[in-house]
Amino acid sequence: MKYSSMFMLTTISLSSLTLTGCIMLPGEWFKPATNALTNSMNPSDTVRRTETSGSPFCDAGTVCPEFSVDWKSSGGQYNLYSDIFNNNQYDIQKINFNIDGQNYSYTPTTPSNYRKLQNSALIDSSNYVAVPRSFLTRLAKGKNITMTVNTNQGDVGGTLLDSSRESGGYKVFMRGYKQ
């Protein structure tokens, strides 16, 4: 059976449109029901995030902490949180940073919190430390930064920044720091 080239071209074109879902319709065929979404925001209606969160680079198959910074200062101190998502509970006893060869260790003043994630076997083990603005400045200006969390199950941690790469956690921290 031999098909004409026009028939094949039409069939291929219609199949492509069907598969991609791209069909052009004249403007009057599609009118939005309302402009509420485009007209409801005023310039003063900006979203104000107070916390940034991310992870360091960690070795494959290892437990990796997340860290976040609450950018609302309280008495010149900022809360820096560490979360560990795992099937086991981790008592977070200390959060350590090595910034360009200098060690900075902070001990939580409260017990670790544990929260079982809904529909999951994972437990969020969380705690925080209060750090001064000067520490955040050192973190922002560092060239080589690692983070280690001391827990009852051993140390967990990873690299936030080194000479060749920035972790996602460090990038998000820097976005918050610059604002």
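The model is predicted, with pLDDT of at least 70 needed for local features and side-chain atom pairs counted only at pLDDT 80 or more, whereas totals for chains, interfaces and linings use all residues. Residues are numbered from 1 along each chain as its sequence is written, and side-chain values rest on heavy atoms, with hydrogens and water left out.

Four helices and ten strands were assigned in the protein chain, both being DSSP runs numbered from the N terminus (helices, H or I, at least four residues; strands, E, at least two). Read from the N terminus, the order of elements is α-α-β-β-β-β-β-β-β-α-β-β-β-α.

The protein chain comprises 179 residues, of which 31% are buried; buried denotes a relative accessible area under 20%, exposed one over 50%, and partly exposed a value in between (1.4 Å probe, protein chains only). Among contacts (heavy atoms within 4.5 Å) with a separation of 6 or more, 57% are between residues 24 or more positions apart.

One disulfide was counted, a disulfide being a pair of cysteine sulfur atoms within 2.5 Å. The bond joins C58 and C64, with a distance of 2.0 Å between the sulfur atoms. The disulfide is right-handed because the torsion about the S-S bond of C58 and C64 is about 65°. C58 is partly exposed at a relative accessible area of 25%, and C64 is likewise partly exposed, at 24%.
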